[in-house]
Amino acid sequence: MMPLSTLFDALLAALLVALAWGALSSRDLFRSIVLFMIFGILSAMAWARLDAPDIALAEAAIGAGLTGILLLDTLGALGERNRPGAGPVRETDAFAGWGRWLTLRNAVLGASVFGAGVAAAAAASGLTDGEGLAAAVAESIGEAGVSNPVTAVLLNFRGYDTLLEVGVMLLAVIGVLSLRATAKAPASPAGPLDPQLSAYGRLMAPVMVLVAGYLLYAGAHAPGGAFQAGAVLGGALVLLGLCGFTPPGRLQAANRGLLVLGFCVFLLAAVALTAAGYSLLEYPAGRAGLWIFWIEAALGLSTAFLLAELVSSRVPGGRP
Amino acid sequence: MSATILFSLTGIALFFIGLFHLIAREHLLKKILAANVMGSGVFLVLVSLARRTDGPYPDPVPHALVLTGIVVTVSATALALTLLRRIHKETGEPTLSEDGRE
Amino acid sequence: MSIVEGLSGVLIVAGGFFFLAGTAGLLRFPDIYTRLHALTKADNLGLGLVVAGLCLRARSWAEAVTLIAIWLVVLLTGSTACYLVARFALRSGIRPWRHR
């Protein structure tokens, strides 16, 4: 390890901690959110430094981008920036009278330091030494149908977890949709919001669709995959929404179907394979790549619409 | 100090910073941010541990776990934010304080 | 260190210098419009220099073209964002700074 790259890593780690602390301690909520978004982008850089390009792609698109939009949108709906409660730490009344040192704040601080010490000691003592599963994956990668090991684990070796993950996403969207008072989609603003933004949207949305398609295809042999593609495509959908683009009626009607498409396809595949005598999500030998591709395509498409739905949901009474 | 140990310690620090603010801050948006920071800390620990062996590539199972985790985190954050908006709409306050100070 | 590597290093460091200049502008300039000006001009040029330096180290033409495409997308996105922020600031009534 060259000392220069270690210096870079140390600087990155210090920045991550400083940004997290600054984001959480700030009195101004807007500042908190912006610092948190920068924290997300630097996390993506940390993933890149840790040889995890798939995660870096996902974090940059989902963690920094979509979460940032969600937070800013909510802040706008709350209609405030500065709240007294966001500032100094408050002790709860339950602990009042126990002595000035035994406050909740100090208890949490002490527990944190203790926990951090225990974790660091565990790491240093070799408790986490072990083989890891890289060798096991490398042995079986030939039968996986894809050569990107992360995609192989996600869609093949641990496909069951991914199936449930898509289920969780669907549940979250159902939860968000159910908290809307009205059943109709919110009325889009009449016409484009801003000519510059809609020009940008017209130019960039096709590019983003292309990038999403490439990420889906490349996920088999290079960093990429269904969720990264879905995140970029979802970003394109959010961008189009911001430009005031109203989807045609048929697409709006198909929206619900698209939301559940990924989960249903995956579930159907699992059921069909089990009915045909394979064990859970074990693909037919030699055809695994094909199965994975089509499942990933459905997943990516669904993820895009699920994420777009999460971002654009409105609670009536907030800002349109 | 290798990157693995450095980023694991950073992840641990982030987890506890997030935990502290999750408990200590009253504003619900702050709590949601704190929970996200805790999640990022856990992911950092997982991914840095994935690099601890000298295989042909880093251990892909923690990578898959973290990828799943990121997607689940954004879904949960979206649901939490919608709940926050609903609470704000119903009670007028973005906190759940019970001691009447807000 | 070969000529190409040295040149690429120089370009990247020069790009870093422009980023530094943009940040200095962000911290020191008096109002939002001048800060936007500093950010977009300096950061885009800085990124261009960094991309140029990286292109010299690229392993194939495809990589170099991808890097340049990334720079163009950032250029486009940055200027759109800058315009949107400036427009919103103007609509919100923030007056441009005048030297007194």
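User: Is helix 2 of chain B mostly covered or mostly open, and how many of its residues are buried?

Analyst: A residue is buried if 20 or more other C-beta atoms, placed from the backbone, lie within 10 Å of its own, exposed if 12 or fewer, and partly exposed in between. In helix 2 of chain B, 20 of the 22 residues are buried, so the helix is mostly covered. This is a predicted model, where local features need pLDDT of at least 70, side-chain atom pairs count only at pLDDT 80 or more, and totals for chains, interfaces and linings use all residues. Residues are numbered from 1 along each chain as its sequence is written, and chains are lettered from A in the order in which they are written.

User: What percentage of chain B counts as buried?

Analyst: Of its 102 residues, 69% do.

User: How many helices and strands does chain B have?

Analyst: Helices (H or I, at least four residues) and strands (E, at least two) are DSSP runs, numbered from the N terminus. Chain B has three helices and zero strands, in the order α-α-α along the sequence.

User: How many residues of chain B are in contact with chain A?

Analyst: Two residues are in contact if their C-beta atoms, placed from the backbone, lie within 7 Å. By that rule, 69 residues of chain B are in contact with 77 residues of chain A. Helix 1 (3-24), helix 2 (28-49) and helix 3 (60-91) of chain B each give two or more residues to this side. Helix 3 of chain B supplies the largest share, 24 residues.

User: What share of the contacts in chain B with a separation of 6 or more joins residues 24 or more positions apart?

Analyst: Such pairs account for 56% of those contacts.
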